[in-house]
Amino acid sequence: MKAVELKNGIFWVGAIDWAVRDFHGYVTQRGTTYNNYLIMDNEITLLDTVKYDFADITIKNIRSVVEPSKIKHIVINHIENDHATGLDKIMALTPDATIYISEKGKKGLERFFDISKWNMKVVKTGDTLNIGKRTLLFLETPMLHWPDSMMTYIKEDNVLISQDAFGQHIASAVRFDDEFVTCQSMAELDDAVVDYYANILMPFGQLIKTKIAEIQKMGLKIDMIAPDHGIIWRSNPNKVLQMYLDMANGRTNLSISIIYDTMWHSTEHMTLPLMEGIKDEGVVCKVIKLRSTPMSDAIKEFWHSRGCLIGSPTLNNLMYPTVAEFLYHLRGLKPKNRIAAAFGSYGWGGGAVKEAYEEFKRMGLEIFEPGLQVLYRASSEDEEKCYEFGREFAKKTKEYHKKFE
Ligand code: FEO
């Protein structure tokens with residue numbers, strides 16, 4: 001690999017991770033990239049580093065443009081391991097460079113490295129750094145998605161280095177959105193954006209709205225959004241901004257996901273008449289078995305749909321463990337603007353459906369009650385009840401969806 005020029009004098013010098021499939025528990029079927037950027041100006045500046053294992057690759061890419069020892073400034077927009085653990089290898093090549101970082105970033109970075117030997121400068125929103133023909137403007141974005149997170153705006157080029165925000169876990173031979181949609185597809189790019197948002201940024205919708213409004217109020221013209229993962233938005237950066245605003249405002253598809261697990265196929269058996277009932281109300285339905293689906297894919301499907309039916313057999317008076325794990329994971333993501341109901345089979349005491357509703361209530365989801373339970377195995381009458389339950393849930397979902405149109 002070598003550097004790729006974004007705009008005159010601004011280069012991508014990151015690394016492609018084709019192989020990663022487990023990104024701290026998040027399944028990354030498409031791999032990912034660790035993007036960082038080099039600005040060739042009077043004072044050469046590097047924006048972010050990469051994961052430690054890929055530090056030699058970014059150094060090689062930097063070297064395809066300039067000797068790393070010439071770098072004068074390094075901006076660290078985010079200290080998470082995938083972006084900052086390559087820092088000491090780079091600092092070893094340019095030890096007198098100054099690091100620009102948020103206050104919380106500095107506090108965090110000293111837990112990873114001995115920073116006493118480095119020149120550090122804490123920056124906050126509105127601070128600028130002139131590097132010659134260009135001025136960098138720093139924008140703190142705390143909790144998008146770590147306390148230290150910030151973005152850097154290159155004023156003269158209207159380029160926003162957006163860190164994790166607006167990124168996607170995609171490893172590709174191409175760097176830009178217009179290239180990606182030509183060789184793959186816009187639908188795949190959209191899917192990767194939603195996947196990333198659902199699994200990482202779902203809890204921060206309100207903050208996203210506030211931050212986008214702040215950027216708009218500052219009157220920053222944005223021609224390009226360059227995130228630290230995946231594809232760079234150069235043909236239509238407004239598209240991803242709008243996607244984020246839509247998701248933060250609760251917009252999603254009028255569809256229902258049935259997310260379930262099963263022991264002896266009894267709960268699974270219920271999904272078919274449920275699905276038929278939903279479809280007969282004219283609502284799109286997708287069925288996802290948890291033991292056959294990565295957790296992060298199930299989270300994405302939940303987020304893609306206005307309504308969710310959770311199915312679980314009862315095991316020892318509780319939910320089936322994979323269902324409990326899914327809901328526990330979901331609760332941490334603080335989902336909003338979704339309606340849920342539960343169903344499942346049981347043998348003697350029951351309990352899974354009740355437990356599921358308790359989780360829905362903890363999350364503050366809109367609830368459709370009561371849930372539906374079937375003893376051992378659905379009879380023809382039970383199947384009819386499932387069908388009607390699916391229809392009623394779809395009706396309720398359609399009604400609820402109107403709030404967001
Ligand atoms: Fe891509 Fe929060 O790290």
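Predicted model: local features only at pLDDT ≥ 70, side-chain atom pairs only at ≥ 80, totals over all residues.
Two packed helices are described by the angle between their axes and the distance between the axes. Helix α6, residues 186-201, packs against helix α10, residues 295-304, at an angle of about 100°, and their axes lie 9 Å apart. Because angles of 65 to 115 degrees count as roughly perpendicular, α6 is roughly perpendicular to α10. On the α6 side the contact involves Asp-191, Val-194, Asp-195, Tyr-197, Ala-198 and Asn-199, which meet Ser-296, Ile-299, Lys-300, Trp-303 and His-304 of α10. Of the residues in this contact, 5 are nonpolar, 3 polar and 3 charged.

The cysteines come next. The model has 0 disulfides. For Cys-285, the nearest cysteine sulfur belongs to Cys-308 and is 10 Å away. Because buried means under 20% relative accessible area, Cys-308, at 1%, counts as buried.

Salt bridges, by contrast, number 24. One of them joins Lys-7 and Asp-223, whose closest N and O atoms are 3.6 Å apart. This pair links distant parts of the chain, since Lys-7 belongs to strand β1 and Asp-223 to the loop between α7 and β16, 216 residues apart. Lys-7 is partly exposed, with a relative accessible area of 24%, and Asp-223 is partly exposed at 26%.

Another salt bridge connects Asp-56 with Lys-89 at 3.2 Å, N to O. Here the link runs from helix α1 to helix α3, with the two residues 33 residues apart.

Lys-124 and Asp-127 also form a salt bridge, with their closest N and O atoms 3.4 Å apart.

Methods:
Residues numbered from 1 in each chain as written. Heavy atoms only, no water. Axes fitted to C-alpha atoms, helices over the stretch in contact; angles between N-to-C directions. Helix = DSSP H or I, 4+ residues; strand = E, 2+ residues; numbered from the N terminus. Parallel < 35°, antiparallel > 145°, perpendicular 65-115°, else oblique. Contact = heavy atoms within 4.5 Å. Nonpolar A, V, L, I, M, F, W, Y, C, P; charged D, E, K, R; others polar. Disulfide = S-S within 2.5 Å. Buried < 20%, exposed > 50% of the residue type's maximum accessible area, 1.4 Å probe, protein only. Salt bridge = Lys/Arg side-chain N within 4 Å of Asp/Glu carboxyl O.
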